[in-house]
Amino acid sequence: MANKLTARERETALRRLNGWIYDEKADAISHDFKFKDFSEAFAFMTRVALLAEAANHHPEWSNAYNTVSVTLTTHDAGGLTAKDVALAAGIDKLLD
């Protein structure tokens with residue numbers, strides 16, 4: 001099982017990520033991604049799904065037209081772990 005990040009580890013990780021926001025109550029990070037249209041948003045979700053499946057770590061997410069909202073936390077650890085940060089970094093790379 002993954003261990004929850006300490007406050008220091010979390011702050012260091014957030015500085016390396018692009019626009020992810022920490023939710024203290026949920027002990028999770030989230031990001032809203034905006035695209036030109038639904039097709040681009042859905043294509044992004046497909047690429048994220050492939051990353052998540054390969055990592056065996058799956059996001060909480062939703063899609064409304066051109067916006068994809070992603071939340072990452074590790075439920076079996078009870079909060080934010082390195083697995084979440086790694087997936088967030090992978091998602092960020094999709095947009096480079």
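Analyst: Let's start with K4, which is partly exposed, at a relative accessible area of 43%. The classes are buried (under 20% relative accessible area), exposed (over 50%) and partly exposed in between, with a 1.4 Å probe and protein chains only. Keep in mind that this is a predicted model, where local features need pLDDT of at least 70, side-chain atom pairs count only at pLDDT 80 or more, and totals for chains, interfaces and linings use all residues. Residues are numbered from 1 along each chain as its sequence is written, and side-chain values use heavy atoms, leaving out hydrogens and water.

User: Which residue forms a salt bridge with K4?

Analyst: Side chains of opposite charge can pair when their charged atoms come close. Here the partner of K4 is D27, with 3.4 Å between the closest N and O atoms; the cut-off is a side-chain nitrogen of Lys or Arg within 4 Å of a carboxyl oxygen of Asp or Glu. D27 is buried, at 10% relative accessible area.

User: How many salt bridges does a search of the whole structure find?

Analyst: The search finds 3. One of them joins the side chains of R10 and E11 at 3.6 Å, N to O. E11 is partly exposed at 37% relative accessibility, while R10 is buried at 15%. Another pairs E40 with K36, their closest N and O atoms being 3.9 Å apart. E40 is partly exposed at 34%, and K36 is exposed at 64%.

User: What else does R10 touch?

Analyst: Contact means heavy atoms within 4.5 Å. R10, in helix α1 (residues 7-16), touches L5, Y22 and L80, not counting residues up to four places away in sequence.

User: Is H57 buried or exposed?

Analyst: H57 is buried, at 7% relative accessibility. H57 lies in the loop between α2 and β3 (60-64), and its side chain makes a polar contact of 2.5 Å with the side chain of D84. H57 and D84 are 27 residues apart in sequence, and their C-alpha atoms are 7.9 Å apart in space.

User: How many helices and strands are there in the protein chain?

Analyst: Helices (H or I, at least four residues) and strands (E, at least two) are DSSP runs numbered from the N terminus. The chain has 3 helices and 4 strands, in the pattern α-β-β-α-β-β-α along the sequence. Buried residues make up 40% of the 96 residues. Among contacts with a separation of 6 or more, 62% come from residues 24 or more positions apart.

User: Which residues form a nonpolar patch on the surface?

Analyst: F38, F42 and Y65 do, with about 340 Å² of accessible area together. Areas come from the Shrake-Rupley method with a 1.4 Å probe; for residues, only the protein chains shown count as cover. Patch members have over 30% relative accessible area and no salt bridge; like charges are joined within 9 Å, nonpolar side chains (Val, Leu, Ile, Met, Phe, Trp, Tyr) within 5 Å. F42, placed in helix α2 (residues 38-55), is partly exposed at 47%.

Conventions
Polar contact = N/O pair within 3.5 Å; in protein donor to acceptor, adjacent residues only side chain to side chain.
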